[in-house]
Amino acid sequence: MAGGAATILVVDDSPTKRYLLVSWLTRAGFTVREAENGTEALARVGVDPIDLVVLDVRLPDLSGFEVCERIKADHPAIPVIHVSAHAVDVVDRTQGLTRGADAYLAEPIEPEELVATAHAVLRYYQARQRAELLAERLTGLADTTVAVHAASTFARLLQEAAAGAAQIFRSPAAVVAETFDGECLAGVAAGPGAVAEIVPWVVDDTGVPTGATVRVDAPDGWALVRWPADDTVTVAAAKLREDRAPLYVVVPTATQTARTPVLVQLAQAVASAVEAQRSYDEEHRIAVTLQRSLLPRRLPDVAGLDLAVRYEPASAQTEVGGDFYELVMLDGHLLVAIGDVAGHSLHAATVMAELRHAMRAYAVEGHQPGVIVDRLNVLMRTLLRNELATLCILLLHPSTGRIRLASAGHLPALVTVDGRVEFVQQSAPLLGVRADRPEDLEFTLPPGATLVLYTDGLIERRDTTIDDGLAALASCATVVDDDLDGFCQRLLVELAPPEIHDDVAVVAVRRR
C-alpha cells in the first residue's frame, strides 16, 4: 500500500459506470487503476501493486465470477468487491460470494456505500495480513531460538541468529555480541536464505541500560551489510546483566511494526543463548587451563629411554574431560600412568586433579602399581563417591626393561617392535567400584620396542566399535617414527577426528 493510500483496480466495460466508480474512489483518497474487461484485469493484477479490485459481474469476455476466482487463486490476499448494474437475485449474490468475492453491491450504488465497503474490506484484509505476518514471524522466532541455543560455538550462534533475523524480517540483518573474553563479533546475513558470515565489529555500549531497548540509527553507524536505500536501521539491544556487554540485533526500520515485538523477543532470546555460551566458554577455558597446569610441565630425561606425550583437550564446542598422564622417575624406576575421570565438565577436571595428586603421593611412598590402584579405589569410594575413573599405571626399570603394570578398567597398553603390535590387556574393574582386582602384570619391554598408553578419545567413535578403533591404532603403530614426538602426532592426525569431541592423551616410551 504505497504511501499509505490503497490502490484499487476498477474493472467495468461501461465507460460511464467506470468513470463514476473511479471518480468516487479517487475523491475518497484512493489511487485508482482501470481495466475494460476480465483479460486486462487479470494482466494488471499480475503486474501492478493492487490492494483491492472492484469488479463488474458482467464483462464482455469473461464473467466477473470467473475473473474473481482466478484472482483469488493466484492472489488470495487481494480482496474483491462485485458490482452489478442489473437487478440480481439471491442466487447471483450467493454465487459471487461463494466463488471468492468479499462483498457484493448492486445498483443503485451510493458513493458512500461503495467507499465504506472498500474501507471495511481493506481493514479486514490489512488486519489479516498483520496477523499472518505476526504468526509467520513468531514461527521464525521459535525456529531461530532453537537454533541459537543448539549452536555449538559462539560464532555459530551469531551465524544462526543473523540468518534467523534475515529470514524473519525478509531483509538484511546483523547480530553483534561480545565473547566472554571481550572480543566483539558480528553475524551478518545479506538477506533471507543467505549464508551468514562472522566479522569483527566494535560497538560503543555507553549508556545502554540493563534490559531491552530499541532505537533507530543511521545506517552509516552499522555498515556491516548493504542496507536498503533511503531507510534507517532499527537496533534492539538486550543487556541481561550489568557486568555484561549488550547484544544487538540490527534490521531495516521499514521491516518493523508498532512496538517491534518480534525484534525485541528475538534480541532477548539470542542474548539468553549468548549468556549461556559465554558461561560455557568461560568454564571450558578454566577447565583446560586447570588441566594443563596439573599435567607434567616437562618430561624426565631417562638414560636408555625416549619419551613423548601428546595431550589435546576437547574442541571448544564440547565440554572438557578428565584425562591425565604422568611420567616421573622415582627410586630408579620410571612411573608411567594415564587415566580418565568419567564425565565432561569442570568438575571432572577437579576430580582428575585430586586423583592424580593422590596417585603421586602413594607412588612416592614406594608402593607397587597394584597397591596404588587399591588405595586410589578406597579413596574414591570414601571421599569421591559416585565418581568413576580408569587408570593404567606401571613402573619401568630403564636398564632392564622390566615392567610391573596394574590397570583399572583402562584401554590395553600397546607394545610395538619391528612391525609387530601386541596389546597388553589386564581385565580389571574401574576405580570407584567395589570388586576384586587381579595381580600386577609383569613383562619386559625389549630393546627397540615402544610402549603406547592412550585414552579413549584417540580411538572411540560414535559410528564404529571399540574393536575397530583398536585395529586402526594397531595398524598405525606398526611403524614407529624415528622422532617419537612425530609418532605421537601422527597417531592423533590419523586416528583422532578433526573436531575432537573428547580429550586425547597419548604417552609413548621407547627403549633404545
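Because the model is predicted, local features need pLDDT of at least 70 and side-chain atom pairs count only at pLDDT 80 or more, while totals for chains, interfaces and linings use all residues. Residues are numbered from 1 along each chain as its sequence is written, and side-chain values use heavy atoms, with hydrogens and water left out. The protein chain holds 11 helices and 21 strands. Here helices (H or I, at least four residues) and strands (E, at least two) are DSSP runs, numbered from the N terminus.

**The whole chain**

- The radius of gyration of the protein chain is 37 Å, whereas a compact globule of 512 residues would have one near 24 Å. That radius is taken over C-alpha atoms, and the globule rule is 2.2 Å times the number of residues to the power 0.38.
- Along the principal axes, the C-alpha atoms of the protein chain fill a box of roughly 115 × 50 × 45 Å.
- Of the 512 residues, 51% count as buried. Buried means under 20% relative accessible area, exposed means over 50%, and partly exposed is in between (1.4 Å probe, protein chains only).
- Take the contacts between residues at least 6 apart in sequence: 64% of them join residues at least 24 apart. A contact means heavy atoms within 4.5 Å.
- The protein chain carries 44 positive and 70 negative side chains, and the centres of the two sets lie 3 Å apart. Lys and Arg count as positive and Asp and Glu as negative, while His and the chain ends are not counted. The place of a charge is taken as NZ of Lys, CZ of Arg, CG of Asp or CD of Glu.

- In helix 2 (residues 38-45), the buried residues are Gly38, Ala41, Leu42 and Val45. Seen down the axis of helix 2, these buried residues fall within an arc of 95°, so they line one face of the helix. The arc is that of the directions from the helix axis to the C-beta atoms.
- As background, an α-helix has 3.6 residues a turn, so residues three or four places apart point the same way.
- The buried residues of helix 2 pack against strand 1 (7-11), strand 2 (31-35), strand 3 (52-56) and helix 3 (64-74).
- Helix 3 has its own buried set: Gly64, Phe65, Val67, Cys68, Ile71 and Lys72. They cover an arc of only 160° around the axis, which puts them on the same side of helix 3. On the other side of helix 3, Ala73 and Asp74 are exposed.

**Buried residues to look up**

- Lys72, found in helix 3, is buried with a relative accessible area of 15%. Leaving aside neighbours within four places in sequence, Lys72 is in contact with Ile78, Pro79, Val80, Gly100, Asp102 and Tyr125.
- Val54 lies in strand 3 and is buried, with a relative accessible area of 0%. Beyond neighbours within four places in sequence, the contacts of Val54 include Ile8, Val10, Leu25, Val83 and Leu114.
- Ser171 sits in the loop between helix 6 (154-169) and strand 6 (173-178), and it is buried at a relative accessible area of 5%. Setting aside neighbours within four places in sequence, Ser171 is in contact with Ala166, Gly191, Pro192, Val251, Pro252 and Thr255.

**Distances across the model**

- Ala106, in strand 5 (residues 103-106), counts as buried at 17% relative accessibility.
- Val54 and Leu185 are 131 residues apart in sequence and 52 Å apart in space, C-alpha to C-alpha.

**Backbone points to notice**

- Most residues other than glycine have a negative phi, and most peptide bonds are trans.
- The peptide bond from Glu107 to Pro108 is cis, with omega near 0°. Pro108 is in the loop between strand 5 and helix 5 (111-150).
- Asp230 has a positive phi, near 60°. Asp230 belongs to the loop between strand 9 (211-217) and strand 10 (233-239) and counts as exposed at 86% relative accessibility.
- Asn386 has a positive phi too, near 70°. Its place is in the loop between helix 9 (369-383) and strand 15 (389-396), and Asn386 counts as exposed at 81% relative accessibility.
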